[in-house]
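Work through these exercises with the structure in view. Each task is followed by a solution in steps.

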Amino acid sequence: MKHLFLDSVLLLAAASALAQSASTGVDNERPAPPAKIRSFDPTAIDKTADPCTDFYQYACGNWIKNNPIPSDQTRWVRSFSLLQERNRYLLWQELDAAAKDPKTPLQRQYGDFYAACMNTGLVEKNGLAPLESAFRQIAGLDSPQKVTTVMSELEAEGAPAPLFNFGVTQDEKDSSRQIAQISQAGLSMPDRDYYLVDNPHFQEIRKQYVEHVTKMFALAGDSPAKAAKEAAAVMEIETALAKASTSRTDLRQPENHYHIYTVPDFQKLEPDFDFRVYFADVKIGSFDSLNVATPNFFKGLNELIAQQPVDAWQAYFRWHVIHSNASNLPKAFFDENFAFFGKTLAGQQAPQPRWKECTALTDRALGEAVGQDWVKQNFPPSAKQSMDELVSSLDKALGDDIKTLPWMSENTKKAAEEKLALYRNKIGYPEKWRSYAGLKVERTDLIGNVERSTVFEREWNYGHLGKPVNEKEWGMTPPTVNAYYDPSMNDINFPAGILQPPFFDPSIDPAVNYGGIGVVIGHEMTHGFDDQGSKYDGKGNLREWQTEGDRKQFTERTDCVADEYSGFETAAAHGDAPVQKLNGKLTLGENTADNGGLRIAYMALLDALASQGKSINEKIDGYTEAKRYFIGFAQVWCQNQTEQEARRRALIDPHSPGKWRVNGSVQNFDEFGKAFGCTQGQPMYPVHACRVW
Ligand SMILES: [Zn+2]
């Protein structure tokens, strides 16, 4: 599991909806270039707010007031959303040019992929024809045993095979090995809670979901009675899968998703699904054992296969084929999909313009092809060099922090330093680009392109089985505005996309850069030592390296953070009525990383200023460097979101909302209270604070 800086779970796969206007070509929608984003914005500050009472309101208040959520978004974050829009625009320029006049074979490949996506006239004309082949496979499901066959047939075509996730990953206890892994899946709504929580809010959502599924079947040509029966079957199967699923919070514990089974033992768990046939059909190659991340789910699935009639399974698979492709089907499907997954579930008012979605789709399918040209334009070698320097200064600060930790024994400190010394940093983009030579792209076949890309990615993943680990591979494409820590690799990764203003700005004073990208780097580094990351050693193996006493101390401290954040509530916008409490256990790793990141980036800033003979109390434009650091940090998180999005994120997002990423972090760091002259006991400068790192 990778630890991201920002939740990158796509909103709701099919809800990332496309505006299907009558336009059929690239020319009709020419977006305007977005402005450069300011790294430190005094106009965002609400000077009427007291920073010691509510720092988020102080740093972001005016921005929040003046920046309502655009109609095609569910959340609008000052840094991420603006930079994402900007990067997407720059990428679009490249795709648009490549679609019209490709100069290289690679440009022809991604230009054609993009052009096929933009051709909504053809989408309309094709109707459901591109799904016929998948529908035929599903129609052949005439006994429960055939569930196995249908899953592998759908996979072979690149159609959605929804029941579970299967692929190759590093062995958590021996990170040098790449093994097969299987885990729970199969739902359409964002989380098991949407199926299971018994309150009026979720009851209403479930009712509307069933209505939506019914409408989609009717659009596909089924009679109203048949469509209603199929929708009921989909709901029944998905609800049973939700019940068998492990919660997100429980899955945070690595030991809860690590269960090595031999293939015969796993087959015993699931006698009614013939995995030997499935494994052979998907052509992954032979293996003797695998990680069954969620054994209870597979027990539940087996019961379900035995219980459900054949036509219920047909409905379930057909639904997933329609649902997953909804954005690439005719307008009637698109609109109905948006109405439920965009509007009802996320509160989005209008679909995104098609160019945005096609740009994102092309980036997902051909990221390292598109990225090669993108970084040439947008990531100069000087940026990489500055990042290298920043990362080593944060690395030193975390090392110093470990040395002086009041609660940790000397032996464990030594082990922690060893782990830190083994961190690997990846900055900007891969040293060696992936080849897409085997991926056939056709300018007139959108769904075919998506399916071939799915097969291409899966075969690429399967190709890792039993092979040595390639440390140079990336899990994000270069234009992505995000970063991650991977505990099995023990590496931190910063795509070129996030190394731009407002995170990283070569033209601004160091305090603001340390508050921006410095805290991001510190955040990713701290993940190696959060509630999950701390269970892996420097080689990326799940192994206890703390003494028993230190682990106890560590847990007391993380419990403090979990309890603290469980007391926070989320709302649509600052000042709105709260809609949900945060889940301090679900967000523990991210909160720990936020707290650690803020502390060690500050220490690194002190070092940087000292080396230049400067002081943290020097003023620029009326703000001390210390204040600029904290304001720069907070302004990354200024945000507005819809009420639906606030609820959804409280359930599924391991990150806290912007307000608490800011206020939760500063109130646990006494340098903040000192910088703003707060009195101890005020909300942002409490007498008792939590501290892990
Ligand atoms: Zn994170």
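Two strands pair if DSSP finds at least two bridges between them. Helices (H or I, at least four residues) and strands (E, at least two) are DSSP runs, numbered from the N terminus. The model is predicted: local features need pLDDT of at least 70, side-chain atom pairs count only at pLDDT 80 or more, and totals for chains, interfaces and linings use all residues. Residues are numbered from 1 along each chain as its sequence is written, and side-chain values use heavy atoms, with hydrogens and water left out.

**Exercise 1.** Find the bridge partner of Phe 164 in β5.

Solution. Start with the pair: β4 and β5 are antiparallel, with 8 bridges. A hairpin of 2 residues links β4 to β5. Phe 164 has Gln 184 as its bridge partner.

**Exercise 2.** Work out the strand order of the open sheet.

Solution. Step one: β5 and β7 run parallel, joined by 3 bridges. There, Ile 182 is bridged to Val 292 of β7. Step two: β7 (residues 289-292) pairs with β6 in the antiparallel sense, over 3 bridges. Thr 262 has Ser 289 of β7 as its bridge partner. Step three: the 4 strands line up as β4-β5-β7-β6, with mixed pairing. β4 (164-171) and β6 (260-262) each have a single partner strand, so one side of each lacks a neighbour in the sheet. From one strand to the next, the twist averages 40°.

Conventions:
Axes fitted to C-alpha atoms, helices over the stretch in contact; angles between N-to-C directions.
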